[in-house]
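I opened this model to look up its metal sites, its fold and its pockets. My entries follow the order in which I checked things.

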Amino acid sequence: EPEKPLRCSQCQKTIKDCQKTDWKAHKRSVCTKPAIFHKLDKMMSKNPVMAGLQSFEQAAWADRVRNPQTIGACDGCFRRFRGFPPREEEEEDENTPDAGDAFKHCQDCDWTICRDCSHPQAQGVPYFDRPAGTCRCPTANFGVSYCRSTPNYLDGDGRKPYHGDRHPAMAGSGYSVASFESQERECRTCGVSARHLKKEHLKDALPGIV
Ligand SMILES: [Zn+2]
Ligand SMILES: [Zn+2]
Ligand SMILES: [Zn+2]
Ligand SMILES: [Zn+2]
């Protein structure tokens, strides 16, 4: 019997080897995130400049939510909306097409995007870009709670993924009945009573894709 605890080569977490099932689940889910991004995360949080920039951006955003103003440009692609003049820092180029009208606005976090930014192909590189179609709320996207749908790597506040409770309708979810807990319980995100996806599926990138 090995005496050393197992250590994950990617996130460096150790798991007691008696918990073989936990280990399997960990390899299956937690470590779908490529090693390079584990490293990037660590670098970002340890680098005072990067950490400072992030908290500055968060503070600026909190200020915007407290003092709502007319939103003249898309938060995803930064193009101005139809009818808004170019900002001062922009080159005045009549040929640059605008982003059309605002397409989605989150009443909770103020994230506002154009139609183009809502398209699946406009969501950028996972873990690297902030997905344009994902608002800044941690547990919901544009007011729709993540717990009601199947896991999706785009879900979260745009930086930190949502790995909380999920209770999608079983039929058509892409998960078998065995993937759900056997008993109903209260959702820790929205409070409704339902059968939930088992923990080992909460970090799936998409149903069936880990
Ligand atoms: Zn790991
Ligand atoms: Zn846009
Ligand atoms: Zn929001
Ligand atoms: Zn829920």
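Below are my notes, topic by topic.

**Ground rules**

I am working from a predicted model, where local features need pLDDT of at least 70, side-chain atom pairs count only at pLDDT 80 or more, and totals for chains, interfaces and linings use all residues. Residues are numbered from 1 along each chain as its sequence is written, chains are lettered from A and ligands numbered from 1 in the order in which they are written, and side-chain values use heavy atoms, with hydrogens and water left out.

**Fold**

I counted elements first. The chain has 3 helices and 8 strands. Here helices (H or I, at least four residues) and strands (E, at least two) are DSSP runs, numbered from the N terminus. From that end, the order reads β-β-α-α-α-β-β-β-β-β-β.

I then looked at burial. Of the 210 residues in the chain, 30% are buried. Buried means under 20% relative accessible area, exposed over 50%, and partly exposed in between, with a 1.4 Å probe and protein chains only.

**Zinc ion, ligand 2**

Which protein atoms are the donors of the zinc ion (ligand 2)? I found C74 (SG), C77 (SG), C114 (SG) and C117 (SG), lying 2.3 Å from the ion. A donor is an N, O or S atom within 2.8 Å of the metal (3.2 Å for Na, K and Ca); water is not among the atoms, so sites may look incomplete.

The site of ligand 2 is tetrahedral, with angles of 105 to 115 degrees among its 4 donor atoms. Four donors count as tetrahedral if all angles lie between 85 and 135 degrees. For reference, the ideal angle for four tetrahedral donors is 109.5 degrees.

Along the chain, the donors of ligand 2 are spaced C-x2-C-x36-C-x2-C. C74 sits in the loop between helix 3 (48-66) and strand 3 (104-105), and C114 in the loop between strand 4 (112-113) and strand 5 (140-141), so this pair ties together parts 40 residues apart in sequence. Both C74 and C114 are buried. C114 counts as buried because its relative accessibility is 0%.

**Zinc ion, ligand 4**

I moved to the zinc ion (ligand 4). C147 (SG), H167 (NE2), C187 (SG) and C190 (SG) coordinate it at 2.0 to 2.3 Å. This site is tetrahedral too, with angles of 102 to 115 degrees among its 4 donor atoms. The donor spacing is C-x19-H-x19-C-x2-C. H167 lies in the loop between strand 6 (144-145) and strand 7, and C187 in the loop between strand 7 and strand 8, so the pair ties together parts 20 residues apart in sequence.

I checked burial here as well. H167 is buried at 11% relative accessibility. C187 is buried at 5%.

**Disulfides**

How many disulfides are there? With a disulfide taken as a pair of cysteine sulfur atoms within 2.5 Å, I get 0.

**Hairpin**

Strand 7 (residues 180-186) and strand 8 (residues 193-197) run antiparallel, joined by 4 bridges. Two strands pair if DSSP finds at least two bridges between them. E184 stands opposite R195 in strand 8. The hairpin has 6 residues between the strands, and G191 there takes a positive phi near 90 degrees.

**Other backbone spots**

F78 is not a glycine, yet its phi is positive, at about 70 degrees. F78 lies in the loop between helix 3 and strand 3. F78 is exposed, with a relative accessible area of 56%.

D110 also has a positive phi without being glycine, near 80 degrees. D110 is placed in the loop between strand 3 and strand 4. Buried or exposed, what is D110? D110 is buried, at 9% relative accessible area.

P138 belongs to the loop between strand 4 and strand 5 and is exposed at 52% relative accessibility. P138 and G156 are 18 residues apart in sequence but 5.0 Å apart in space, C-alpha to C-alpha.

**Largest pocket**

I noted a volume of about 800 Å³ for the largest pocket. Its lining has 28 residues, and Q54, Y127, G158, R159 and K160 are the closest to its centre. Helix 2 (35-46) and helix 3 each supply at least two lining residues. A pocket is an open set of points on a 1 Å grid over the protein atoms alone, where a 1.4 Å probe fits, with protein on both sides within 12 Å along at least five of seven lines; lining residues have an atom within 4 Å of a point. Grid points are joined across faces, edges and corners, and the volume is the space filled by probe spheres set on the points.

Notes. Four donors count as tetrahedral if all angles lie between 85 and 135 degrees; four count as square planar and six as octahedral if opposite donors are over 155 degrees apart and all others between 65 and 115; anything else is irregular.
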